[in-house]
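Please read it alongside the coordinates.

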Amino acid sequence: MNANTPRVLFFRALLIGICLFLGGIGISRAAEISNTAVVKEAGQTSWIAEGQGKHVVYVIFDPNCPYCHKVFDDSQSYLKHYQFRWIPVAILTPTSAGKAAAMLQADNPNKALQKNENHFVRMRGKGGGLKPLAHMTRKTRNELSKNQRLLKKTGMEVVPTILFLKKNGKVEVIKGAPSKADFPSILTHVAVLHSMN
């Protein structure tokens, strides 16, 4: 199916609209689930780590998502005590897949993530600051597909999706970008993540 068919364009516009609505009104939807398998599966996806803490937070993001960029900015002051594991997906724009691939295929994926976010442009159609790769490897395509499947398992396909193991043993799933004021109180619930094999 052509990536520019009316149906694909409609659903892409709908996803962007949902993300803009949730972020624009400062609402994120949180749910607590008892099945920890989703956190184990998140650990088996292709992610880019940032931070040194033992408290692990997974963020499923699109490289062109302005609300994912907001979560990235808000996370920076917590990197001493928390590790954010950024799981790229490609759902918002035609350049999302190429930018996600550029991160995963980079010699230093963390530097590529930093470049994408530090050069983020909020103007319509711009988004992340990385140049999209024209060709991704089969391995990268499979990694992005696995990341996409994880996003589907968390419920509505919205980015950012934040998930982590809570101190009470349940999993918190947050759809949309929490407000900067809510960020510290959310993080107080993050458990130390031990091996879940």
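1. Two strands pair if DSSP finds at least two bridges between them. Strand 5 and strand 6 (residues 171-175) meet that criterion with 5 bridges, in the antiparallel sense. The model is a predicted one, and the points below should be read as descriptions of that model.

2. Overall make-up. The protein has 7 helices and 6 strands, and from the N terminus on they follow the order α-β-α-β-β-α-β-α-α-α-β-β-α. Its chain has 197 residues, 46% of which count as buried. Among contacts with a separation of 6 or more, 77% are between residues 24 or more positions apart.

3. Rolling a probe the size of a water molecule over the atoms shows where empty space is left. In this model there is 1 cavity of 30 Å³ or more, and the volume of the largest cavity is about 50 Å³. Its lining consists of Val57, Val59, Val71, Phe84, Ile162, Phe164, Ile174, Pro178, Phe183, Ile186 and Leu187. Sorted by class, that lining has 11 nonpolar residues, with no polar and no charged ones.

4. Which elements supply at least two residues each to the lining of the largest cavity? They are strand 3 (55-61), strand 5 (161-165) and helix 7 (183-187). Helix 7 gives the largest share, 3 residues.

5. Strand 3. This element is mostly covered, with 6 of its 7 residues buried. Strand 3 runs parallel to strand 4 (residues 82-88), and 7 bridges join the two. Within this pairing Tyr58 stands opposite Arg85 of strand 4.

6. Helix 3. Because 7 of its 10 residues are buried, helix 3 is largely enclosed by the rest of the structure. The buried residues are Tyr67, Cys68, His69, Val71, Phe72, Asp74 and Ser75. One of them, Val71, is also listed in the lining of the largest cavity.

7. Strand 3 against strand 5. These two strands pair in the antiparallel sense over 3 bridges. Thr161 of strand 5 is the bridge partner of Ile60, and Leu163 of strand 5 is the bridge partner of Tyr58.

8. Strand 5. Is strand 5 largely enclosed or open, and why? Strand 5 is largely enclosed by the rest of the structure because 5 of its 5 residues are buried. In a regular strand the side chains alternate between the two faces of the sheet. Here Thr161, Leu163 and Leu165 point one way, while Ile162 and Phe164 point the other way, and all are buried. Ile162 and Phe164 are among the residues that line the largest cavity.

9. The hairpin. Strand 5 and strand 6 form a hairpin with 5 residues between them. In the turn, Gly169 has a positive phi of about 90°. Across the pairing, the bridge partner of Phe164 is Glu172 in strand 6.

10. Taken together. Strand 5 pairs with strand 3 over 3 bridges and with strand 6 over 5 bridges, both in the antiparallel sense. Strand 3 in turn is joined to strand 4 by 7 bridges, in parallel. Strand 3 and strand 5 each supply at least two residues of the lining of the largest cavity, and that lining has no polar and no charged residues.

Terms used: Residues numbered from 1 in each chain as written. Predicted model: local features only at pLDDT ≥ 70, side-chain atom pairs only at ≥ 80, totals over all residues. Heavy atoms only, no water. 1 Å grid on protein atoms, 1.4 Å probe; cavity = no way out; pocket = protein on both sides within 12 Å on 5 of 7 lines; lining within 4 Å. Points joined across faces, edges and corners; volume = space filled by probe spheres on them. Helix = DSSP H or I, 4+ residues; strand = E, 2+ residues; numbered from the N terminus. Nonpolar A, V, L, I, M, F, W, Y, C, P; charged D, E, K, R; others polar. Buried < 20%, exposed > 50% of the residue type's maximum accessible area, 1.4 Å probe, protein only. Contact = heavy atoms within 4.5 Å.
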